[in-house]
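I opened my notebook to look up a few residues one by one. Here is what I had on screen.

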Amino acid sequence: MGGNAGIFLRNLNQERIVLVVAVLIFLAAVIGLPGFLTSDNLIAIVRSIAVLGILALGMSIVIIGRGIDLSMVAIMAMSVAWYLQLLNDGMPNLSAFALVLAGVLAIGLVNGFLVAYADVPAIFVTLASGSFVFGYVRSQLIPSDAVPVPQGHWVELLGGLRFLDVPVEIYLFVALSAVTFLFLRYTKWGRYVYYAGDNPVAARNIGIPVRAMLVLRYALSALLAFVAGLLTAASLHSINTRVVNSHLLYDIVLVAVIGGIGLSGGKGGVRNVLVGAALIGIMLNAMTIIDIPLLYQNLIKSVILLFAIIIDGLLNPRDEQTAQQGDI
């Protein structure tokens with residue numbers, strides 16, 4: 001018995017700990033909170049983390065490659081707000097979508113270029129680009145904070161789609177999780193993400209295009225942010241740009257880090273995102289049922305994020321000799 005316990009403890013990592021905690025909180029909520037186990041509430045839990053999970057997928061691709069993207073929420077909100085404003089101004093749907101998609105890709109590519117080729121730290125590049133996107137779109141392209149979805153548009157119809165009484169955004173989250181998993185685990189470019197994140201100097205020396213891969217990661221992050229924004233608008237029938245100033249960005253990082261994706265790079269995957277999202281979704285739902293004020297919910301999440309970062313630093317120490325990013 002003691003030997004089995006020792007093996008269990010040796011195999012215990014952050015992902016498994018978080019999974020155990022999520023299960024324990026789930027069981028406690030089932031026992032102590034009336035209505036928690038109803039099908040409507042369980043669907044509400046998954047639906048509440050679908051957009052957050054999609055954003056965390058994009059963030060995780062960047063973090064695994066030893067970076068971070070603080071512009072995701074600004075890209076999510078402002079790109080969709082601009083798209084809806086173009087539609088409300090009478091621009092044809094295809095033209096508006098193509099224009100906004102090009103803008104989203106341009107932001108992601110600029111982020112990646114500045115980090116990869118100008119050697120500017122990712123935290124400063126993406127913080128500045130997020131602030132620029134928010135300020136420019138809000139001041140020059142849209143007249144108000146909230147932009148409605150035009151009546152009868154496909155985004156509005158998307159929000160009402162259900163299969164087997166399950167909202168479509170849950171299926172899209174699952175599908176994007178599967179695609180991201182396949183990309184990271186079974187494609188050459190996905191394996192390059194891990195190599196570059198684990199040791200960028202060694203990856204560069206064996207011929208991996210580290211700089212080009214870094215640009216690709218930020219472009220993918222921007223695209224996933226755009227998808228998350230479309231799903232948000234579909235669910236709410238509008239997009240409110242004030243979400244840029246909310247705690248959503250911290251929630252994205254929280255889901256990725258608490259699930260076990262190492263900030264030092266080269267570690268983690270989609271499974272970690274799913275575990276982290278499950279814990280946060282269950283915890284937030286339980287706190288909402290208990291009627292814990294939002295202020296205290298944010299305080300609890302902040303404490304959890306702080307502990308997750310400390311644990312990550314202990315489990316995944318960063319090797320400063322391999323901290324450079326670049327390509328020959």
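**Before starting.** I noted that this is a predicted model.

**Entry one: Arg 47.** I looked for its helix first. Arg 47 sits in helix H3, which covers residues 39–64. Then I listed its contacts, leaving out residues up to four places away in sequence. Arg 47 touches Gly 159, Arg 162, Pro 167, Glu 169, Ile 170 and Ser 235. I also took one distance. Asp 89 is 42 residues from Arg 47 along the chain, and their C-alpha atoms are 31 Å apart.

**Entry two: Asn 285.** I found Asn 285 in helix H13, residues 270–290. Is Asn 285 buried or exposed? I put it down as buried, because its relative accessibility is 13% and the cut-off is under 20%. Which residues does Asn 285 touch, beyond those up to four places away in sequence? I noted Phe 36, Asn 41 and Ile 45.

**Entry three: Leu 314.** I placed Leu 314 in helix H14, residues 294–315. Its relative accessibility is 68%, so Leu 314 counts as exposed. I then saw that Leu 314 belongs to a nonpolar patch on the surface.

Note on methods: Residues numbered from 1 in each chain as written. Predicted model: local features only at pLDDT ≥ 70, side-chain atom pairs only at ≥ 80, totals over all residues. Heavy atoms only, no water. Helix = DSSP H or I, 4+ residues; strand = E, 2+ residues; numbered from the N terminus. Contact = heavy atoms within 4.5 Å. Patch = residues over 30% accessible without salt bridge, like charges linked within 9 Å, V, L, I, M, F, W, Y side chains within 5 Å. Areas by Shrake-Rupley, 256 points an atom, 1.4 Å probe, with all protein chains shown as cover. Salt bridge = Lys/Arg side-chain N within 4 Å of Asp/Glu carboxyl O. Buried < 20%, exposed > 50% of the residue type's maximum accessible area, 1.4 Å probe, protein only.
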